[in-house]
Amino acid sequence: MAWIAIDAGTSVIKAVAFADDGSELAMERQPSEVLRPHSGFSEQDMNGTWNAVLASVHAINKKVSEPIRGIVTTAQGDGCWLIDSQGSPVRNAILWNDGRAADIVQQWHDNGVLHQAFRLSGSLSYAGLPNAILAWLSKHEPGTISKSKSALTCNGWLFYRFTGELAADLSDASNPFSDVRAEQYSPRLLELYGAQAFAELLPPIAVGRKVVAPLSGCIAQQLGLTAGIPVVMAPYDIVATALGSGAVSQGQACVILGTTICSEVILSSLNLDGPPAGTTIALGRRQFLRAMPTLTGCESLHWAARTFSCSTPSELDALASSSEPTRDGPFFLPYLSPAGERAPFLDSSARGSFHGLTLAHDRAHLARTVYEGLSFVIRDCLENAYNEDLQEVRVCGGGAQSDFWCQMIADVVGVKVLRPRDTETGARGAYVFGLSATGEIASSADGIRQHIQTAASFGPSREWRIHYDRRYQLFREVRTLSAPQWHLQAGRK
């Protein structure tokens, strides 16, 4: 028999079938279109996402001869997926990387709301979260709010379609309206964001066995599956990916080199007295995930490949590795998202730039500098997430296939970097979670020992660590000096 694990990303829906021994039986991908109706907007057709999921599951079921005994889902987090009383979408989903509510978040920053909220939620709000999106909709689309019954996430939307149950898992519910330590919605946070009227839109938080529900008969019939098999709502993608990479213990880090670069560390205790930054996700059982998800990740590499006339990211990788690191090399600030940056700092005006160019620098130098800039961001994020010595860093996502970049990350961060064997790490983590949630294994840690293997290891070089230590400090100084220019360009003084 087999499980189907669905990983509904921003641009691609993936479904992977896992056999009882954990081996991959089949994999299917379906594109998921991101709509940009206006500058800074990022949306998806909710029915389009659901249809892509259906198509991927249907295709997997045709490929696999074994009976399907369960479905588990993980998906992109944050954003706002609104449904009405009939369970139909009220409008397109507004995604995590949408920037329309930047002015609202800036007001919260200026009047101290973000700082106060962080002490409860452990997360620094940004424009792609439901508090900001709902505030924007209430001002610009009040009819949308009046028609809405529930504000879901992508994973909540899929769980509802598969089972008819309205719920948010603990990870999706952690930000922005929850007291992360109490693991429940906070009236004080709703008050701080002026969101009391939205409280009735929040789905109940599901923990334990409540993240498991039977597959509805109607959907089972459409897919040719058995009605009543368990559907499990796993944590959202960055948590599922950490699990799938093998990071489950204090001080283990996972860095997702994907659309966003998300640097995250497992914690067994929580101190929220420091400067507000990033996202804190409750995992239950007194564990937390401190995550620093940037707004621009490997999109910077695709941009650089186009800009430097490389036909593929692999060609960019080869170009960058052909250039030797130098003390006087240029710097690249990789803040290319139109929405600015959200981790490890929040600034909607943040913009990308090269610094220190001379006539001696060519496209190979600039290509290397792009990888360096992204690696410095990873170190900055990890240092903000965890102020003790890391055990190790596990890397995954498309960018992790680059040996050149993995070695650079090890040298910049100064710890061993491990690359898991699986390429679909989020689906693997969801699968392990599904086994644990249904009682087939005792814990997720047991699942990791049984089902997760390492493909490659990269140790830091002492010589290059010293080199990058100096470069990293200069990178931070260049960024500090650049911030007033961002604000000037954005019309902020």
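Q: How many salt bridges does the count come to?
A: The count comes to 21 salt bridges, where a salt bridge is a side-chain nitrogen of Lys or Arg within 4 Å of a carboxyl oxygen of Asp or Glu. This is a predicted model, in which local features need pLDDT of at least 70 and side-chain atom pairs count only at pLDDT 80 or more, while totals for chains, interfaces and linings use all residues. Residues are numbered from 1 along each chain as its sequence is written, and side-chain values use heavy atoms, with hydrogens and water left out.

Q: Which residue forms a salt bridge with E43?
A: The partner of E43 is R100, with 2.7 Å between the closest N and O atoms. The pair links distant parts of the chain, 57 residues apart: E43 is in strand 4 (residues 43-44), and R100 is in the loop between strand 7 (93-94) and helix 2 (102-110). Helices (H or I, at least four residues) and strands (E, at least two) are DSSP runs, numbered from the N terminus.

Q: Is E43 buried or exposed?
A: E43 counts as buried, at 5% relative accessibility; R100 is also buried, at 10%. Buried means under 20% relative accessible area, exposed over 50%, and partly exposed in between (1.4 Å probe, protein chains only).

Q: And what about D403, which partner does it have?
A: D403 forms a salt bridge with R419, the closest N and O atoms being 2.9 Å apart. D403 lies in helix 14 (residues 403-413) and R419 in strand 22 (residues 417-420), so the pair ties together parts 16 residues apart in sequence. D403 is partly exposed at 42% relative accessibility, whereas R419 is buried at 12%.

Q: Which residues do salt bridges with shared partners join into one network?
A: That network consists of E43, R91, D98, R100 and E141.

Q: Changing topic: at roughly what angle do helix 1 and helix 6 cross?
A: The axes of helix 1 (residues 46-63) and helix 6 (residues 154-163) cross at roughly 65° and come within 11 Å. Axes are lines fitted to C-alpha atoms, for helices over the stretch in contact, and angles run from 0 to 180 degrees between N-to-C directions.

Q: Which residues make the contact?
A: Helix 1 contributes M46, N47, T49, W50, V53 and V57, and helix 6 contributes C154, W157, L158, R161 and F162; contact means heavy atoms within 4.5 Å.
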